[in-house]
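Subject: Model and salt-bridge notes

Hello,

Here is the model for your files. My notes on its charged pairs follow below.

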Amino acid sequence: MLHGLMMQTPLLISSLITHAERFHPDAQIVSRRVEGDIHRTTYRETHARARRLANALQALHVSRGDRVATLAWNGYRHFELYFAVSGSGAVLHTLNPRLHPEQLAWIVNHAEDKVVCFDLSFLPIVEAIAPLCPTVKTWVAMADKGRMPANTKAQLACYEDLLEQHSERFAWPEFDENLASSLCYTSGTTGNPKGVLYSHRSTVLHTLAAALPDALNLSARDVILPVVPMFHVNAWGLPYVAPMVGAKLVFPGGQLDGKSLYGLFETENVTVSAGVPTVWQGLLAHTESNNLKFSTMNRTVIGGSACPPAMLRQFQDKYGVQVLHAWGMTEMSPLGTVGTLKSKHLTMGHEQQLAVQYKQGRSVFGVDMKIVGDDGRDLPWDGTAFGDLLVRGPWIVREYFKGEGGNPLRVDDAGLQWFPTGDVATIDADGYMQITDRSKDVIKSGGEWISSIEIENIAVSHPAVAMAACIAIRHPKWDERPLLVVMKKPGVELGKDEMLRHYEGKIAKWQIPDDVAFVESIPLGATGKMLKAKLREQFKNYTLPNP
Ligand code: ADP
């Protein structure tokens with residue numbers, strides 16, 4: 001055996017902020033605070049405050065491996081916690097404030113969080129769950145001294161007070177890069193939520209890969225506004241990528257409506273953003289009705305659920321904003337694929353290029369993938385055969401926190417371990433993956449599968465449709481048939497017949513939904529995705545016409 005003779009410097013999260021301070025000290029971090037105002041800081045200042053915070057955490061008896069939770073919007077204090085907690089060897093646990101308080105308490109107890117830092121707007125949640133969370137020794141309000149709530153049932157520490165009391169003299173410790181850095185629970189649409197425990201190594205490798213030109217293509221010339229929350233798989237890694245490349249960061253706080261976002265895009269010269277399709281729907285509704293254009297934004301990452309082709313086309317053709325359609329999941333840190341073109345596509349026609357972009361994209365180096373049939377055998381990469389999508393790589397989960405749910409991995413004939421994503425997909429000869437469906441959402445009609453995503457994409461391409469979900473309804477002959485649930489745009493007329501006529505010529509006749517149900521609203525989950533499980537429950541006694 002002959003070892004290489006290169007340095008063994010561990011891949012640590014603290015190195016990202018150290019690097020940013022050294023090479024991009026004046027790059028700005030701009031936040032819309034829950035207090036309502038705009039706050040400005042720099043990487044230099046952020047690094048200093050993160051070091052103060054690291055000292056404060058020590059004073060709160062937070063040791064290596066202890067969990068420190070956050071209940072916060074995207075903002076500079078949350079950003080400081082990302083580095084102070086992980087950098088000092090503790091584990092940053094980002095809680096999703098949109099979850100039901102009972103579910104939050106369950107997660108806090110499962111994670112055994114020792115400290116919880118929260119935005120003042122979440123005080124009611126803290127008051128509700130504090131008595132249920134015995135492991136939490138300190139609740140820290142992320143606020144100035146002058147804004148601490150006067151009458152509260154909970155015993156609170158003040159974030160700014162803690163920072164003031166502690167020195168910025170702190171040396172980030174060096175330790176094994178395989179130690180845990182952060183923890184994120186999956187939404188638990190089936191069973192209890194499961195914790196995905198990232199390591200410093202997995203995070204830094206993911207960060208390097210995410211910045212690549214054919215991934216998110218981020219640089220020191222970018223102004224990044226992550227709409228995706230920092231409690232949703234670490235805002236898809238952007239809070240780590242930004243300091244690594246020295247980009248300016250803009251945090252929108254809790255105001256994610258189209259008007260507020262558009263304002264920030266324009267005033268801060270944002271070049272790139274990222275979020276789920278439902279957020280972009282709000283933004284595009286605002287720009288459409290006010291006849292607005294983007295002055296500086298030139299691309300946006302859309303993922304978390306399928307980006308409807310109509311949205312991709314609108315962003316690119318009307319607004320000149322390139323869409324990066326990306327796919328991933330909590331278990332994958334989250335980045336798996338991004339849809340960027342190859343040089344051979346550049347000479348193709350516009351429509352052909354769009355057809356490539358509609359897919360979820362090619363694997364980012366580090367993520368290996370394959371599709372397999374029910375028998376576990378590999379399926380061909382022909383863009384047609386579809387099967388279970390399996391992945392492997394250094395930022396993909398091996399086991400859930402505390403072994404929840406047992407061993408999630410599958411071993412193939414070659415002895416390699418793979419993580420089954422729960423998604424059904426095709427892969428074409430160029431390696432572009434397309435999600436057909438989540439395996440639990442696919443509609444199984446007479447032995448054939450109907451992609452709920454495809455049905456929804458066609459529905460939202462109708463100008464009167466605001467949102468659409470397609471779910472399976474039991475059928476005596478075909479097992480399942482598709483029902484289309486539609487939320488119309490306000491003040492427009494749309495009937496069932498017109499909706500169904502919109503499908504003619506776009507898909508095979510037998511794939512067209514059997515019926516359309518118009519609803520006031522479609523339930524959204526904690527990460528802004530349509531809650532199909534809830535819809536299925538809502539329509540469980542529904543009978544289709546002429547079964
Ligand atoms: P959850 O939705 O359970 O909170 P995640 O946020 O980790 O969990 O979501 C991961 C899932 O979201 C993927 O397995 C996939 O089904 C779906 N998803 C993510 N990105 C896309 C995309 N671009 N197109 C279609 N589905 C996507």
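Which residue forms a salt bridge with Lys-248? The partner is Glu-268, with the closest N and O atoms 2.9 Å apart. A salt bridge here is a side-chain nitrogen of Lys or Arg within 4 Å of a carboxyl oxygen of Asp or Glu.

This is a predicted model, in which local features need pLDDT of at least 70 and side-chain atom pairs count only at pLDDT 80 or more, while totals for chains, interfaces and linings use all residues. Residues are numbered from 1 along each chain as its sequence is written, and side-chain values use heavy atoms, with hydrogens and water left out.

Lys-248 lies in strand E11 and Glu-268 in the loop between helix H10 and strand E12, so the pair ties together parts 20 residues apart in sequence. Helices (H or I, at least four residues) and strands (E, at least two) are DSSP runs, numbered from the N terminus. Both Lys-248 and Glu-268 are buried. Buried means under 20% relative accessible area, exposed over 50%, and partly exposed in between (1.4 Å probe, protein chains only).

Lys-318 pairs with Glu-288 in a salt bridge, the closest N and O atoms being 2.8 Å apart. Lys-318 is in helix H12 and Glu-288 in helix H11, so this pair ties together parts 30 residues apart in sequence. Lys-318 is partly exposed at 40% relative accessibility, and Glu-288 is partly exposed at 36%.

In total, the structure holds 36 salt bridges.

Regards
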